[in-house]
Amino acid sequence: MYRRPLQVAARSVVRAASSRSARAKVLEQETYAGASAACRWTRISCSAPGRTLHMDSQLCSVKETAQHAQEEVGAFTKLFEAMGFPSPLKYNKWKIKIAALRMYTCCVERINYDDFFERCSLPDTLNSWFLVTQLHVWMCLVRMRQEGREGKFLCHYIVHSMWGDVEQRSKIMGVNSVHRKEATKAMTENFYAAMFGYDEGILSDDHVLAAALWRNLFCCQCEDPRQLELMVEYVRKQMQFIDSLDSEDLLLTGEVQWRPLLEENAQSILKAVSPTYNDAGL
């Protein structure tokens with residue numbers, strides 16, 4: 001059950017920040033430093049008209065990075081990879097790339113950012129937009145990493161889509177190339193630190209998840225335990241919901257529905273209607 005009395009626990013997280021473990025302290029310092037560096041150029045209003053998705057036209061030309069996690073495969077597949085042939089996947093790679101783009105689009109265009117900014121007392125800036133977006137991207141990555149090689153392939157292109165979008169938004173806002181490079185580096189460090197913290201939190205109890213959200217989403221600035229309680233509940237119910245979605249639908253369509261930040265019956269999990277996939281012309 002994700003709904004637990006968290007206010008007392010959340011207060012203890014805020015008051016006991018100085019007594020966290022060494023690993024948590026290092027993570028907090030890296031994350032806070034990354035967010036601070038990014039804020040130097042992201043204190044620009046991120047109003048609703050400017051939140052449209054901006055994508056790099058070279059989405060499908062990027063190569064797999066060395067950091068991309070590898071799944072255990074058979075000897076025959078490894079031999080093909082060693083010879084330079086592409087790894088066999090259950091579904092067409094182009095379909096998975098398109099599904100990844102759609103899934104990232106769902107992380108951006110189906111989120112009510114104003115609701116998050118208001119309920120969590122976040123400033124309306126590009127950095128706050130990024131922090132909310134990366135939380136939803138992380139939830140998609142957790143779900144898709146369960147889908148073997150196809151899921152990991154899709155995860156790679158979700159992250160690629162996100163950085164392409166961040167790059168385009170910063171250009172539109174007029175950030176020069178030097179500051180953009182510095183800020184992107186800071187946001188990248190922030191992203192991977194957040195992924196580690198959220199992974200630890202979702203596998204642990206609500207205290208650890210609340211601490212991860214306090215460091216990464218609130219940038220160590222949250223003083224209201226009710227806001228932490230709200231976000232812990234949101235993440236738990238969202239993960240429970242996205243886990244109920246059909247694997248094939250996610251891999252072929254990338255369609256993800258998000259539950260509201262506030263709802264009367266948060267424990268009622270209703271599976272979304274399966275989307276239809278039209279592969280005509282692919």
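This tour visits helix 6 and two helices that pack against it, helix 8 and helix 4.

The model is predicted, so local features need pLDDT of at least 70 and side-chain atom pairs count only at pLDDT 80 or more, while totals for chains, interfaces and linings use all residues. Residues are numbered from 1 along each chain as its sequence is written, and side-chain values use heavy atoms, with hydrogens and water left out.

Begin by selecting residues 126-144, which form helix 6, and residues 177-203, which form helix 8 (helices are DSSP runs of H or I, at least four residues, numbered from the N terminus). Their axes, which are lines fitted to C-alpha atoms over the stretch in contact, come within 10 Å and cross at roughly 50°, on a scale from 0 to 180 degrees between N-to-C directions. That makes helix 6 oblique to helix 8 (angles under 35 degrees count as roughly parallel, over 145 as roughly antiparallel, 65 to 115 as roughly perpendicular and the rest as oblique).

Next, show the side chains where the two helices meet (contact means heavy atoms within 4.5 Å): among them are Phe 130, Leu 135 and Trp 138 in helix 6, and Met 187, Phe 191 and Tyr 198 in helix 8.
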